[in-house]
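Here is a short report on the inside of one protein model. Keep the structure open while you read.

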Amino acid sequence: MRIRADCDHPDFITVHRGSAPLILSLPHTGTRLPDAILPRLVSPELALKDTDWRIDTLYAFARELDATLVHTAVSRTAIDVNRDPSGASLYPGQATTGLTPLETFDGEPLYRDGMAPEAADLAQRRKAWFEPYHAALAAEIARVKESHPRTVLYDCHSIRSVVPRLFDGELPVFNVGSNGGASCDEGLTVALRQACERSGERLVVNGRFRGGWITRQYGEPAKGVHAIQMELAQRFYMDEDRPDSPNAVKVERAAAILGDVLESALRWVRE
């Protein structure tokens, strides 16, 4: 799929432009549920259950590193901008959610009976919410590449620590994905792994979460774009049973550790 990189941003897309060779993609922190789909949902609460809660706030410090941040306010329930637009599964044979999720990670239906999105809905949602996000992201990658021979695209995610339908047991805090090494140079993976290890928290590389469509679509190491996904277990920075109530102590520690992670990525890309 070819994405235009030269369009204006609609109001639900936020772009903070920096000059460093580091771009943060924030595709799943949005909580906006468009009015057109609200009556069709089982409930707004269920529709937001799998949000990457407050990841945009957690990574706000990246502005101080002169990084670029691209964020959508639209919920992944409306359309998931980190899924293949063709509808193909990123994890064949494994439980996952699709381009327009029909159920939560736990398998709970998101839509009322007979109100699930159909082909026409999908086409409209792709045009309205999917394509603008990728146009913005592609534009920022092209802009940063004009000044830097190598650029890191760091895709920011989080998930509940325990989701039996998706993985066994408790997820490690840090889940680094590079599509099996295809989306970035091994040196970047090593730099991030070492930074994560310094925290003393559990880590896995290319485990259950190997990188979504953003990592796979934009990661072109031979062309200087090194894409990597970071999936955090939410217990690292929040109380998972209270997603609407920030835990200041956890957030402060997590931001300090993630600062080391991003600074390690910048040191690597500038070598």
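## Helix 6: the buried side

The model is predicted. Start with helix 6. Its buried residues are A254, I257, L258, G259, V261, L262, S264, A265, L266, W268 and V269. An α-helix has 3.6 residues a turn, so residues three or four places apart point the same way.

What do these buried residues pack against? Three helices and strands to look for are strand 2 (22-26), helix 2 (55-58) and strand 4 (151-159). The others are strand 5 (174-177), helix 4 (186-198) and strand 7 (225-233).

## Helix 6: length check

Helix 6 covers residues 248-270. How far apart are its end C-alpha atoms? They are 32 Å apart. At 1.5 Å a residue, the 23 residues should span 33 Å, so the two values agree.

A265 lies in helix 6. Its relative accessible area is 1%. Buried means under 20%, so A265 is buried.

Setting aside residues up to four places away in sequence, A265 touches V152, L188 and L192. P101 is a separate case: A265 and P101 are 164 residues apart in sequence. In space, they are 32 Å apart, C-alpha to C-alpha.

## The nonpolar core

The largest nonpolar core has 81 residues. Helix 6 supplies the largest share of this core, nine residues. Which residues have the most contacts inside the core? They are L24, Y59, Y154 and L232.

Y59 shows how these residues meet. Y59 touches L24, Y154 and L232, among others. Its contacts also include L69, C156 and M230.

## Strand 2: buried on both faces

Is strand 2 enclosed or open? Five of its five residues are buried, so strand 2 is largely enclosed by the rest of the structure. L22, L24 and L26 are buried on one side. I23 and S25 are buried on the other. Both faces are therefore covered.

## Strand 2: its partners

Strand 2 runs parallel to strand 4, and four bridges join them. L24 stands opposite Y154 in strand 4. Both residues are among those with the most contacts inside the core.

Strand 2 also pairs with strand 3 (residues 68-72). This pairing is parallel too, over four bridges. Here S25 has V70 as its bridge partner.

Notes. Residues numbered from 1 in each chain as written. Predicted model: local features only at pLDDT ≥ 70, side-chain atom pairs only at ≥ 80, totals over all residues. Heavy atoms only, no water. Core = buried A, V, L, I, M, F, W, Y, C linked by side-chain atoms within 4.5 Å. Buried < 20%, exposed > 50% of the residue type's maximum accessible area, 1.4 Å probe, protein only. Helix = DSSP H or I, 4+ residues; strand = E, 2+ residues; numbered from the N terminus. Contact = heavy atoms within 4.5 Å. Expected span 1.5 Å × (residues − 1). Pairing = 2+ DSSP bridges.
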